[in-house]
Amino acid sequence: MSKLLNWVDARFPLSEFVKQDLTGYPTPRNLSYWWNFGFLAGFVLVLQVVSGLFLAMHYKPDASLAFESIEHIMREVNYGWLIRYIHSTGASAFFAVIFIHMARTLYYGSYRAPRELMWWTGQGLLLLLMATAFFGYLLPWGQMSYWGAQVITNLFRATPFFGDEIVIWLRGGFSIGDATLTRFFVLHYFFPFLIIGLVLIHLVALHTVKSSNPSGINLAAKDNIPFHPYFTAKDLYGLGVFLIVFCFFVFFSPEFFIEADNNIPANPLKTPAHIVPEWYFLPFYAILRSIPDLLGGVVAMGLSVVIFAAMPFLDRSHIPGGARYRPVYRILFYIFVLDFAVLTYVGAVPPSGSLVVIGQVATFIYFALFALLPFISKAEEKWLCKRGLPAEVEELLKSKSSPDKFNCPL
Amino acid sequence: MNQKTMTFLLFGSFLFLTANSRASSDVSLAEVDFDHSVENIKSGAQVAMDVCRLCHEFKYIKYRNLLEIGFNKDEVDVLRGDMPLNTSILSTTKPEIASKLFGMMPPDLSLMAKARRGGARYIYTLLTSYSMDAEEHVDNKLFPGIKMPDPFAYAIRTDDVRQKELDQRIENVSVFLQWTSDPKAKERRRTGYYVIAYLIVLTFLFYLLKRKVWRTLK
């Protein structure tokens, strides 16, 4: 066995890779459970790819057969119901895990130097994930699938000059039809390849800059511990907790994330009374609806998703540490999470009276937080410097071995 | 307020708002404590075969599936006539005639419970919401202007005994339609108990493992 390994090692850095990037990979010892979500996102990705592969063996991407083939999977295929509910619940789990992963990054300031590329590849992954989920939602060919795709592809009408042509080009016809279903199936199958590729880049970047940690300050080498066995054990425990919640939905409430209307076959002649996207699109959908103008709404919605990428520029404070040592930033973070929740709610219910106003205010707050961040973060830096940094930060920075240096500019 | 409480409150409010946004759009449906026993499903199936099947199809249920809810081979043979066991249950009235009669194709019933918020409760409420006004005009309170004529003659029920009997029949039909929409529900829940129990034990072991591993750390 060791002879074989030597043979491989002479030709490929296998042992070196395993040691440097898997078992011996240096990890900050103070990571909290919020750092489990990156691993969980990777796990859900594998779960989706594998369950999706088996679904694709029985699914028929044909407008006259798609709906029936899903019922065939649910009723006739051995454990088809399990595979399908894992996949449909998995989509929601993916977004839940990613949203928490992003919230952790925002809270602890993990997007700051030197981890900007991690944040931007993550932003790319979010966009790919959203696209994949959107393509996948058409495949069951239910009423909500059909009309959701109709509404979203219709947004491209806002494109200047070529609006109508682009919509027809995307759909492969004047409305959603068989051509759309086939191409969405192909893209739904193809996009995960892009996701996997970008995940690898995300991981290479991670292994260059290493994990951030709750203190927000890069720790001295002695405070890093090998990934195995410490974080393999911790990730397994986190995975167990995640799976309990996940399986609860799969086995006991699998239709929780599926709109009742999607159990009615797509009918191009009958618009549902109330078209809602999946829950993970609701905040962005609420922003779209809050702007009365179509082009304005589309731009605002797009901006609300990609604006995260600007965080490394918008946050101008040099105070080390995340929200933990930055009281003003912390308040902004909590306002943002609450605002996100309000937008989710507004996106889910039919727009009426006061809710329209609430949605508009929440949209305004959403963008105002990002717009004001450069000024607030700078002012906060000055204020904290005048007041003196928290004792823990001073101590961490003073410890000779910490690679981070920071001096108040005052 | 410390950080943990804050996080808890925020994610809690997020869940609450999301869950509420679904609940708030539910119409008020009858509160029924359904008994999903196989006997009830079977009685419901018998009513459905006698009444609903006149106009509606049960596209995703095949005659052989009736064997799973307590029908015996002979009973199924009577229902299917010369249709093979492995065919979907279709309506006894030709679809063209039914759609001419009602102005639309009567919808497939096998997925109906899943296709309406509230499932069996929706179906129960719908079937018990027929009533007659002073001009002897029958309409449905849950679905005004519904094209389906009162299938159980609920609007013209005469006395309490008759009403009780009808309520029971409608309850059984609702339970049956819940089954046709999700025939694997029982198997799924049974498997679920084992899976969750296994996961709880496994997670506890992982927790012990994590603690043991981390204790070696100075």
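I take a cavity to be a set of points, on a 1 Å grid over the protein atoms alone, where a 1.4 Å probe fits but cannot get out; lining residues have an atom within 4 Å of a point.

The model is predicted, so I note that local features need pLDDT of at least 70, that side-chain atom pairs count only at pLDDT 80 or more, and that totals for chains, interfaces and linings use all residues. Residues are numbered from 1 along each chain as its sequence is written, chains are lettered from A in the order in which they are written, and side-chain values use heavy atoms, with hydrogens and water left out.

Entry 1, the cavity. I looked up what lines the largest cavity and found Leu106(A), Met311(A), Tyr329(A), Leu332(A), Phe333(A), Phe336(A), Leu369(A), Phe370(A) and Leu373(A). By class, this lining has nine nonpolar, no polar and no charged residues; Leu, Met, Tyr and Phe are among those that count as nonpolar. The helix α14(A) gives the most to the lining, with four residues (helices are DSSP runs, H or I, of at least four residues, and strands are E runs of at least two, numbered from the N terminus).

I find 48 residues of chain B and 53 residues of chain A in the contact (heavy atoms within 4.5 Å). I then looked up salt bridges (a side-chain nitrogen of Lys or Arg within 4 Å of a carboxyl oxygen of Asp or Glu), and the rule gives five across the interface of chain B and chain A. Glu259(A) and Arg117(B) form a salt bridge through their side chains, at 3.1 Å from N to O. On the side of chain B that touches chain A, α8(B) has the largest share, 17 residues.

Notes. 1 Å grid on protein atoms, 1.4 Å probe; cavity = no way out; pocket = protein on both sides within 12 Å on 5 of 7 lines; lining within 4 Å.
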